[in-house]
Amino acid sequence: MQLCDLSALELTIKIRQREVSAVEALDSSLERIRAVDGRPGSLKPGQLTAEDQKTLHAFITLTEERARRQAENVDQQLAAGEDPGPLAGVPFTVKDLFCVQGTPTTAASRILANFVAPYTATPIARMEAAGAIMLGKVNLDEFAYGSSTESSAFQPAARNPWNTSRVPGGSSGGSAVSVAAGEAVLSIGTDTAGSIRQPAAFCGMVGLKPTYGRVSRYGLIAFGSSLDCPGPIARNVSDTAAMLNIIAGPDSRDNTAVTLPPEDFLEKLESGVKGMRIGLSPDYFRIAIPDPQTGEYCQQPLPEEIETRVRQTAELLASLGAIIVDDVPMPNTRYGIPAFFVISRVEAASNLHRFDGVKYGYRTPQKMTDLNKMYRLSRGEGFGLQPKLRILMGMYVSAAQYSEQYYQRALKVRAMIRRDFEQAFDKAGKYQLDALLTPTTPTTAFSIGDIYGDSVLMQFADQLTVPANHAGIPGLSIPAGFDGQGLPIGVQLLGPDFSEASLLRIGRAYEMATTEEAWRQIKPQVLR
Amino acid sequence: MTEYEVVIGLETHIQLNTQTKIFCSCKADSWEQPPNTNICPVCTGLPGVLPVPNEAAVEKAVILATAMHAEPQSLSFFDRKNYFYPDLPKGYQITQYDRPIAVGGYLDLPMPDGRTRRVTINKLHLEEDAGKTKNEKGKRYIDFNRCGVPLVEMVTNPDIRSADEAAQYLTRLRQLLRWLGISEADMEKGHLRCDANVSIRPKGSAELNTKTEIKNVNSIDAVRSAILVETERQIREVESGGEIKPWTLDWDDNRKSLHKMRSKETEADYRYFREPDLLPVHLDDDWKERILADFPELPLARRQRFMDTYALPEYDAEVLTSERSLSEYFEAAAQAYGGDAKQVSNWLMNDVMRMLNDANIPASQLRLRPEHLAEILKLVDAKAINNAIGKKLLKKVEKSGKSPAEIVEAEGLAQVSDDSAIREICQKIIDSNPAEVESCRSGKESLIGWFVGQVMREMRGKADPQMARQILSELLKQ
């Protein structure tokens with residue numbers, strides 16, 4: 001086992017006790033990156049080689065120099081008897097959707113390929129202030145618009161470490177890959193419909209979408225501003241809690257960041273699940289997708305392996321003292337994707353307006369005298385397919401004559417989805433749940449190229465995760481074994497607003513109870 | 001021939017005089033700063049930034065709303081108004097749409113003929129300003145300094161019926177804004193901007209006809225002129241069988257003419273939606289109470305009260321309430337004086353206001369405090385000094401900051417009312433001017449004034465002039 005394979009908490013203890021140095025930890029990560037990552041994503045990838053298909057391509061930008069300076073700084077602080085912070089020396093990666101001063105911040109789009117951020121996003125600044133070492137910026141779907149990382153303008157896109165012919169999920173694909181393969185110990189991603197939880201599930205990692213506003217969005221290039229949540233991806237629940245401790249909290253630069261006092265998510269992490277009420281809902285064991293021929297909505301059961309895993313998880317939790325509540329109705333779950341389709345695209349189209357070629361980012365090289373033509377060409381050449389589709393859809397459903405029918409209606413659906421959760425979690429209600437246990441994804445990692453191109457079907461990969469984004473509640477995805485093809489299966493815990501501590505506690509209880517299980521010992525393909 | 005009346009609605013943009021911009025910590029005011037020197041990632045819309053509302057902007061808007069008799073809303077929202085323009089760095093403007101900070105309200109305009117015209121307000125909303133674009137030699141220059149400056153947009157209903165009323169509305173609004181201390185309200189500097197919607201109809205008709213919108217009017221006079229020009233154009237158009245089109249017109253103040261900016265046949269679709277980056281504005285009773293704790297008496301009320309309480313003529317009351325610190329100065333002086341407030345008004349309007357104009361400062365910045373003015377008036381009343389010395393004292397106090405009594409004492413300015421002292425000087429003047437004495441005695445009695453002047457000069461202005469006159473006429477009769 002290399003240093004880079006340790007958990008964040010293990011590693012930082014070794015570093016703080018000066019058993020190993022932060023520079024050694026960094027070198028371990030860099031070595032792993034060189035071994036498994038292959039070439040970074042680029043705008044001019046050329047032909048995909050056989051080698052490319054076996055490597056991970058998590059990174060867009062590796063900031064080795066910067067990381068080394070920071071690691072040296074941590075070591076110097078320790079040598080001087082100073083405290084470099086609770087994550088001292090822990091290497092982490094950043095989804096390339098967060099601004100970090102002096103580093104390229106691309107959003108995986110050609111339109112921002114040349115943009116170097118002049119300031120640092122709050123969660124990244126907090127990680128660095130806690131002594132963590134940023135390794136670089138990792139790949140994602142362009143502007144986070146996808147569930148497979150395939151839509152990145154920077155190719156080759158990231159691949160799944162468990163099987164490199166599979167997608168890693170998305171949009172925080174590079175984040176999940178880098179942590180799964182030991183390139184980084186932690187990563188920060190963002191979750192707008194499942195973009196942390198789904199890639200975490202596909203890559204066998206722990207991913208937390210915190211309560212909306214729990215983590216500041218300042219410095220995060222916006223996708224759907226009312227849905228976006230930055231959050232951790234880690235290899236275990238304890239690391240997730242430790243990272244949340246650092247990145248959560250009020251921020252005077254984000255009006256929507258909650259002003260609750262800081263909470264220690266590690267404190268009661270191992271207090272067990274005795275007496276906790278954990279629900280199962282039939283509405284999370286089926287998915288509704290539109291029939292490609294008729295467009296009619298049809299319900300399909302989930303793959304049996306996935307449902308079985310969830311039920312086994314529930315049984316295990318019951319054996320640990322949790323009360324399992326079956327048949328909790330969540331009737332509006334099936335409308336999550338259509339409502340998201342509308343709301344996220346209205347916000348996305350508006351959020352993309354600023355990329356006009358005037359101030360920063362890509363501008364058409366053609367000489368231009370007409371302003372509108374300059375806008376059209378700069379945006380036409382700079383944006384990939386997904387941003388264009390989302391602009392078209394977003395502009396359509398928010399137009400004066402359609403807004404009532406689509407956008408306003410989607411907002412009502414959103415409120416109904418929120419109400420489903422409120423009823424399930426109501427302390428005086430029928431179910432009184434502490435958490436709802438569901439599958440994270442309707443399938444395990446699908447093959448690269450299989451779904452890409454079908455924007456609607458791709459969106460349905462988020463069906464079981466998106467309700468939490470609509471409702472603003474936290475969701476935690478934890479690994480719960482593998483399917484018959486050796487691909488990780490994730491299960492999800494959803495809880496009321498600000499219940500991260502409870503969700504992490506349940507996740508940790510499950511983790512502790514399964515430490516010795518055989519599937520826990522399996523390593524990703526690229527590390528075998 | 002048909003008689004027409006003009007129907008006008010005014011849309012004003014008021015720049016609030018907050019310290020910082022509405023959503024970031026840049027200074028709000030960039031006057032005379034070089035382009036793009038008062039900007040930050042937030043107001044220039046860099047990727048990833050978020051707006052943070054400036055509470056002072058909300059508070060000033062609530063103060064204005066209250067002064068306009070509008071209803072501040074306990075819950076209001078910010079929205080995005082989406083459109084592309086190079087000086088709008090985010091590609092949307094953060095504004096308020098269907099749930100503004102305040103609705104309704106009115107402003108009463110006292111008209112010169114004694115009537116009062118009430119102009120009702122549709123709504124007031126908060127928004128951020130955009131930057132400035134300058135076209136020069138085929139190039140387009142953008143200055144982001146103004147991005148994010150807090151504005152209140154206030155829209156009247158089509159209640160205004162003449163160019164004069166429109167001018168009066170703006171005059172009164174400007175007075176009110178300065179009175180409340182929420183905007184510098186300088187139209188030339190763009191602190192107060194106005195677009196006028198103008199239509200005409202036959203007198204007596206209640207219809208609202210197609211209107212044109214006049215933009216780019218930078219002074220109250222320009223608003224008046226532009227409305228007059230446009231009204232005439234519309235009448236000519238209709239009279240000649242033409243049709244009014246919903247144009248947007250640009251006012252050229254040099255040529256005193258309007259020209260068409262664009263046809264406005266279809267409304268632009270701004271795709272408004274709630275700004276997800278900002279929480280709703282909850283204006284609870286506590287906050288509102290705190291905001292309005294020092295809410296002042298408004299100019300028109302104060303004007304009326306000055307007429308009622310201090311028995312001032314309307315003209316005086318109007319002048320003294322033209323500006324808040326002047327009105328407060330007057331009231332403080334009148335109370336300290338306790339005598340005839342008209343005296344205070346006279347001294348203020350004649351002498352003190354001249355000092356204010358010369359120094360270009362508000363009354364609150366005078367070193368001559370209201371108590372000083374009252375003291376001078378009392379000294380004059382008590383004949384401790386004469387009127388002329390009193391007026392000189394105003395300047396001496398302003399210059400030195402010392403109290404009038406101190407100056408009188410130090411400079412020996414007290415009026416001499418001692419009969420023998422004055423008599424001695426009078427005798428001396430008579431003795432040394434035999435020719436004038438002769439003329440006077442032979443009937444040219446008006447010369448007595450000249451003698452008084454000589455005595456005053458000899459006594460450096462300190463003599464009681466009445467007493468000097470009396471003694472002189474006594475001596476000259478001998």
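Ala, Val, Leu, Ile, Met, Phe, Trp, Tyr, Cys and Pro count here as nonpolar, Asp, Glu, Lys and Arg as charged, and the others, Gly among them, as polar. The close-ups below come from a predicted model, in which local features need pLDDT of at least 70 and side-chain atom pairs count only at pLDDT 80 or more, while totals for chains, interfaces and linings use all residues. Residues are numbered from 1 along each chain as its sequence is written, chains are lettered from A and ligands numbered from 1 in the order in which they are written, and side-chain values use heavy atoms, with hydrogens and water left out.

View 1. On a 1 Å grid over the protein atoms alone, a cavity is a set of points where a 1.4 Å probe fits but cannot get out, and lining residues have an atom within 4 Å of a point. Grid points are joined across faces, edges and corners, and a volume is the space filled by probe spheres set on the points. Look for B:Phe23, B:Val42, B:Pro51, B:Lys90 and B:Ile94, which lie nearest the centre among the 16 lining residues. By class, this lining has 9 nonpolar, 1 polar and 6 charged residues.

**View 2. The largest cavity has a volume of about 130 Å³.** Its lining has 20 residues, and A:Tyr145, A:Gly146, A:Ser147, A:Arg390 and A:Met458 are the closest to the centre. The largest share, 3 residues, comes from α13(A); helices (H or I, at least four residues) and strands (E, at least two) are DSSP runs, numbered from the N terminus. Here the classes are 7 nonpolar, 9 polar and 4 charged. Domain 1 (3-43 + 50-272 + 520-527) and domain 2 (337-407) of chain A each give at least three residues to this lining, with bounds from an automatic or database domain assignment.

**View 3. The second largest pocket holds about 990 Å³ of space.** A pocket is an open set of grid points with protein on both sides within 12 Å along at least five of seven lines. Among its 31 lining residues, A:Met1, A:Asp5, A:Arg235, A:Asn236 and A:Arg520 are the closest to the centre. Strand β12(A) gives the most to the lining, with 3 residues. The lining divides into 15 nonpolar, 8 polar and 8 charged residues.

**View 4. Three strands of chain B form an open antiparallel sheet in the order β5-β4-β16.** Strands β5 (92-95) and β16 (273-274) of chain B each have a single partner strand, so one side of each is left without a neighbour in the sheet. Two strands pair if DSSP finds at least two bridges between them, and 2 bridges join β4 (residues 79-82) to β16(B). B:Asp79 stands opposite B:Arg274 in β16(B). Helix α9 (residues 336-351) of chain A lies across β4, β5 and β16 of chain B, at about 60° to β4(B). Contact means heavy atoms within 4.5 Å; axes are lines fitted to C-alpha atoms, for helices over the stretch in contact, and angles run from 0 to 180 degrees between N-to-C directions.

**View 5. Some backbone angles deserve a second look.** Most residues other than glycine have a negative phi, and most peptide bonds are trans. A cis peptide bond, with omega about 0°, joins A:Gln155 and A:Pro156. The bond from A:Gly170 to A:Ser171 is also cis, with omega near 10°. B:Arg271 is not a glycine, yet has a positive phi of about 50°.
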